Amino acid sequence: MTEEIQEGNLVRRTEDFLKGLSFWSWRELINALKDCQAMVLTADATGIIQRCIDVLIERMNANSDTSPASSSPDSIGIRYSCDTRSSESSKTKTGWWFEDLSSLSMYLMERIVKTMIAHKMDNWVISRFLSHYLKSALPMLGYSSISPKKKCGRDEQIMHRYTQKVQREVLETVVGLLHSLERAAVTCRSLFGILRVATVLNASKLCRKQLDNMIGSQLDNATLDNILIPAPQGMGWLYDVDLVLRYVQIFLMDQAMVYVPELPTGTTEPTGIAEPTSGICYQSRLKRVGSLMDKYITEVAPDVNLKPSKFQLLLESLPDDARDSCDVLYRALDMYLEVHTTLSEEEGMGLCKSINYHKISFEASKHIARNSRFPSRIAIQVLLLQQAKLRSNLDSYYMKSSDSFHSNSDSGMHLPQEEEVTRSSPVILYSKELDYSSVICEENQELKVDLQGMQWRLRELEKVCKKLHSQMSRLTNVKIKNSSSHTNHRLPKLCS
């Protein structure tokens, strides 16, 4: 019935009632939403739920420092910096409404958070509220009270399955809302905590994928304890290597080169120029992930059940720019080869080729030359690389010294009084060259000794192969003679 027929009808009175919601207190709004939980569809059709949510968010933005329902001196928020109570209350100023909204149902919580995102509230505050809601909701639903391993009756088992289903829905809803926030708003530590809960509750594939994307995009903030995740049952090895490889892949895709769509003046086609999303920041983040992966590879290397293909994927998971030195990778590979003694030659060679030996230090190269677990070809290659590096360093030093000598000689032509100094300067430079070259000659001599040792090992192996070949040939000749004599003995003699 409209106002044209009769004034004061129910529709007009309902609209006036909804307009007056802005004058309600905070507690009245929360109680109204709780009353609507029993008849969500009907209340949502009237618009009262959305009106209450809008008013609540307005109160949050207007009273972001203190609670609107509090009138105690602690809510003033103006104290001296030396007051300990002010420092404690400052941490909870932005979260004074967490407890009230955590008492609402999952549907209303999701509606409120989506409205917060639409009103462009601080994503960090929303992330904190979602973490608080998840911590308060899971124990309330009986997550810690009933264990699936505990022997219980039929009614308790039904209750456990029900609560576990509701817990899974709450978890998946919270993860979906966190995934819609900015990546920097969610801490890496909280994500790994949610991952453990998702594993226990057997969350859906979409939920796990959203968690992987959020963790992988900020893998540089993770620690070694975070990524040492036990492998699922039936995998065979200790840690979930596939999950860490997926995190690395997501991180590299997130930090990948992006296409620049701007066109230069006078051109009609894209140039195809690609630039990184961030310059120095990208390199520093990549270096942190490289350091983290070095620690992880060293930790999983002693695993006897870890397949060589998985270990090789770990070695090759990051580009060369992620590491300044590959000494840690070499030590991890040496540890892996020491544990896995049954690898084939092809598998061992594939693992050894996964390291960039240009970034191996001199001490590590000497260790490789004496390491019997590494193939001889790799050891010779490393020694040759070190020798070439030393030769280039020596050549560059000679170039610098000759340039300085020519500059000094040119200045001596214009200054006769410094002729004695210029004559003595080549001697000083030559003595410096001798000092530097003597050190390089000693290192070169050590490399030659190591190379001779490798050549001696090759000769010994060739001798052993020749002996085995000669023994095999003798055995075959003896077998042939015995078989021929045996057959001749059995042949009948011809008649004379």
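Modeller: Arg-459, Lys-463, Lys-466 and Lys-467 come together on the surface as a patch of positive charge. Residues join such a patch if they have over 30% relative accessible area and no salt bridge, with like charges joined within 9 Å, while nonpolar side chains (Val, Leu, Ile, Met, Phe, Trp, Tyr) are joined within 5 Å. In this count Lys and Arg are positive and Asp and Glu negative, whereas His and the chain ends are left out, and each charge is placed at NZ of Lys, CZ of Arg, CG of Asp or CD of Glu. This is a predicted model, in which local features need pLDDT of at least 70 and side-chain atom pairs count only at pLDDT 80 or more, although totals for chains, interfaces and linings use all residues. Residues are numbered from 1 along each chain as its sequence is written, and side-chain values use heavy atoms, with hydrogens and water left out.

Helices here are DSSP runs of H or I with at least four residues, strands are runs of E with at least two, and both are numbered from the N terminus. Lys-467 has a relative accessible area of 57% and is therefore exposed, where exposed means over 50%, buried means under 20%, and partly exposed lies in between (1.4 Å probe, protein chains only).

Opposite charges come next. Side chains of opposite charge can pair when their charged atoms come close. Across the whole structure, a search finds 11 salt bridges, each being a side-chain nitrogen of Lys or Arg within 4 Å of a carboxyl oxygen of Asp or Glu.

In one of these bridges Arg-285 is paired with Asp-220, and their closest N and O atoms are 3.0 Å apart. This pair links distant parts of the chain, since Arg-285 is in helix H14 (residues 280–300) and Asp-220 is in the loop between H11 and helix H12 (224–227), 65 residues apart. Both partners are covered: Arg-285 counts as buried because its relative accessibility is 15%, and Asp-220 counts as buried because its value is 9%. Salt bridges with shared partners also join Asp-220, Arg-285 and Arg-288 into one network.

Helix H14 also holds Lys-287, whose partner Asp-324 lies in the loop between helix H15 (308–315) and helix H16 (327–339), so that this pair, 37 residues apart, again links distant parts of the chain. The N to O distance in the salt bridge between Lys-287 and Asp-324 is 3.2 Å. Lys-287 is partly exposed, with a relative accessible area of 29%, whereas Asp-324 is exposed at 64%.

A further salt bridge, between Lys-366 and Glu-363, spans 3.7 Å from N to O. Lys-366 and Glu-363 are separated by about one helical turn because they are 3 residues apart in helix H18 (residues 362–370). Lys-366 counts as buried, since its relative accessibility is 14%, but Glu-363 is exposed, with a relative accessible area of 54%.

Arg-111 is part of helix H7 and is buried, with a relative accessible area of 17%. Leaving aside residues up to four places away in sequence, Arg-111 touches Asp-44, Ile-49, Gln-50 and Ile-53, contact meaning heavy atoms within 4.5 Å. Lys-120 is found in the loop between helix H7 (106–118) and helix H8 (123–140), where this lysine is exposed with a relative accessible area of 76%. The phi angle of Lys-120 is near 60°, which is a positive value in a residue other than glycine.

Of the contacts in the chain with a separation of 6 or more, 74% are between residues 24 or more positions apart. The accessible surface of the chain is about 31,400 Å², with 56% of that belonging to carbon and sulfur atoms; such areas come from the Shrake-Rupley method with a 1.4 Å probe, and for residues only the protein chains shown count as cover.
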